[in-house]
Amino acid sequence: MKTRTIIEGATCVLVPLILEDQPVSISSASVFYNPEMELNRDLSVAAIAAFSEIMASRKNLNISDITYVDAFSASGIRGLRIAKEVGLTVTLNDWSKEAYELMKINTKLNSLKDKVNICLENANLLLHKNKYHIVDIDPFGSPTIYLDAASTSAISMLAVTATDTAPLCGAHLNSGIRKYGAVPLNVEYHSEMGLRILLGRIARDLARHEKSMYPLFSHATRHYLRVYLEVQKGVNKSDNCLKNLGFISHCKKCFSRSVHYGLAVHIPEKCKICGHNNNVAGPLWLGNLHDKDFCDSVLMQLSDRELGKKEQAMKIVRLCKNELDVPTFYDQHVLSKKLGISAIPMENLLKELETNGFKASRTHFSGTSFKTNAEIEEILDTLRRFR
Ligand code: SAM
């Protein structure tokens with residue numbers, strides 16, 4: 001395999017050389033490396049560093065006592081960054097022999113042989129056999145077939161990437177239903193819907209192992225979703241965690257939405273505002289997506305580090321921190337089109353909603369969207385005032 005050297009953060013690794021005129025894509029290369037995921041990895045370094053510091057002080061541990069597994073390592077870049085830039089004791093794993101050989105070279109290149117354990121296993125087997133404080137799963141596509149093993153393995157934190165955005169967000173409905181055991185809706189807030197369907201799936205997987213999750217930081221981009229969850233063991237905690245599951249009913253005619261907590265819950269067939277038929281999504285996670293204090297710790301970690309995607313990463317975390325805790329968002333362009341008016345500066349709209357006694361915020365999901373606790377009629381009235 002021909003390789004080239006890349007540097008991310010303070011870590012240097014060899015990755016397959018893909019020449020522009022070669023018919024090999026990133027996903028068909030002998031070992032996977034996607035430069036576009038640097039932002040995801042920069043955020044991972046900061047989020048895992050923030051969590052590890054909190055955990056070390058709570059449990060009176062040294063940072064190096066904390067164990068982390070990168071169960072789908074490929075070149076090893078993600079786990080090696082955690083070993084080098086955070087200082088955890090890391091296990092790298094991939095079932096590809098070529099990836100395994102490259103991970104060994106990359107571990108040596110970073111002088112991390114004492115901190116890193118390298119495995120050549122099916123991730124499901126590895127995670128069923130061993131427990132780690134922090135379990136990170138970053139597979140191709142959907143993580144669902146690994147969630148049972150990841151849930152049994154994770155002691156304190158579970159970090160999950162999902163790149164199957166089409167099934168999660170309702171564009172491939174049946175695939176979403178098969179993989180996630182939930183019905184998504186392809187509506188204007190489909191990215192948030194996808195994140196909540198993913199979280200709902202993980203909460204149910206953890207519950208089978210009598211564990212609970214508490215989302216610390218969750219974000220969505222066009223290509224993938226990523227969540228960082230604090231995990232705790234205990235039947236009561238697990239039962240309480242499941243109380244955050246439920247459904248969203250959505251009216252495609254007037255854009256009104258309602259939330260319905262519970263797994264066996266009555267959902268009105270008709271929209272409470274216009275009487276049109278409701279569409280229903282779920283079961284999904286209706287609880288918080290982020291913890292504000294944790295987001296602050298991640299921001300501190302980001303600002304203290306030299307990272308290739310630092311500014312972008314800080315922007316995402318700031319937006320997440322300030323996002324209102326409501327389960328859907330509105331796209332101003334969609335609403336303005338419905339009213340036949342032009343869009344207005346977001347700051348003006350948020351200010352007007354707040355002046356009228358509502359809460360309102362931007363959202364990291366989309367630059368043209370906002371969150372508010374106002375009902376659709378109140379939002380439309382507010383927009384009409386700018387006509
Ligand atoms: N985490 C890597 C990074 O940040 O660059 C990327 C991982 S890549 C998306 C997925 C990797 O998982 C591939 O290298 C593939 O060989 C490996 N893989 C797929 N299924 C696996 C399984 N069941 N067990 C172990 N490795 C697996």
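This is a predicted model: local features need pLDDT of at least 70, side-chain atom pairs count only at pLDDT 80 or more; totals for chains, interfaces and linings use all residues.
Reader: How far is a nitrogen atom of the ligand from an N or O atom in the side chain of aspartate 138?
Author: A polar backbone atom of tryptophan 95 lies 3.2 Å from a ligand nitrogen. Asparagine 122 places a polar side-chain atom 3.3 Å from a nitrogen of the ligand. For the side chain of aspartate 138, the distance is 2.6 Å.

Reader: What share of the ligand's accessible area does the protein cover?
Author: On its own, the ligand has 610 Å² of accessible area. The protein covers part of that area, and the share is 93%.

Reader: Is the pair of phenylalanine 32 and phenylalanine 140 stacked or edge-to-face?
Author: A search of the whole structure finds 6 aromatic pairs. In this one, the ring centres are 5.1 Å apart. The planes meet at 80°, and planes over 60 degrees apart count as edge-to-face. So the pair is edge-to-face.

Reader: How many residues apart are phenylalanine 32 and phenylalanine 140?
Author: Phenylalanine 32 is in the loop between strand 2 and helix 1. Phenylalanine 140 is in the loop between strand 6 and helix 5. The pair links distant parts of the chain, and the separation is 108 residues.

Reader: Does phenylalanine 140 count as buried or exposed?
Author: Phenylalanine 32 has 26% relative accessibility and counts as partly exposed. Phenylalanine 140 has 61% relative accessibility. The cut-off for exposed is over 50%. Phenylalanine 140 therefore counts as exposed.

Reader: Which strands do tyrosine 330 and phenylalanine 370 lie in?
Author: These two form a stacked aromatic pair, 5.9 Å centre to centre with 25° between the planes. Both residues are buried. The pair ties together parts that are 40 residues apart in sequence, because tyrosine 330 lies in strand 13 and phenylalanine 370 in strand 15.

Reader: Which residue has its charged end over the ring of tyrosine 330?
Author: Tyrosine 330 is buried. The charged end over its ring is 3.7 Å from the ring centre. The residue is arginine 257.

Reader: What is phi of phenylalanine 255 near?
Author: Phenylalanine 255 is found in the loop between strand 10 and strand 11. At 14% relative accessibility, it counts as buried. Lysine 338 lies over the face of phenylalanine 255, at 5.0 Å from the ring centre. Phi is positive in this residue other than glycine, near 70°.

Reader: What is the phi of alanine 74, and is the residue buried or exposed?
Author: Alanine 74 sits in the loop between strand 3 and helix 2. Its phi is positive although it is not a glycine, at about 55°. With 12% relative accessibility, alanine 74 counts as buried.

Reader: How many of the 10 residues of helix 2 are buried?
Author: Among the buried residues of helix 2 are Ile77, Arg78, Glu85 and Val86. Just after helix 2, glycine 87 takes a positive phi of about 95°. Helix 2 is largely enclosed by the rest of the structure, because the buried count is 9 of the 10.

Reader: Is the peptide bond from glycine 282 to proline 283 cis or trans?
Author: Proline 283 has its place in strand 12. Omega of the bond is near 0°. The bond is cis.

Methods
Residues are numbered from 1 along each chain as its sequence is written. Side-chain values use heavy atoms; hydrogens and water are left out. Rings of Phe, Tyr and Trp (its six-membered ring) pair if their centres lie within 6.5 Å; planes under 30 degrees apart count as stacked, over 60 as edge-to-face and the rest as tilted. Helices (H or I, at least four residues) and strands (E, at least two) are DSSP runs, numbered from the N terminus. Buried means under 20% relative accessible area, exposed over 50%, partly exposed in between (1.4 Å probe, protein chains only). A charge sits over a ring if NZ of Lys or CZ of Arg is within 6 Å of the ring centre and within 35 degrees of the ring normal. A polar contact is a pair of N or O atoms within 3.5 Å; within protein, one must be able to donate a hydrogen and the other to accept it, and residues adjacent in sequence count only if both atoms are side-chain atoms. Accessible areas come from the Shrake-Rupley method with a 1.4 Å probe; for residues, only the protein chains shown count as cover.
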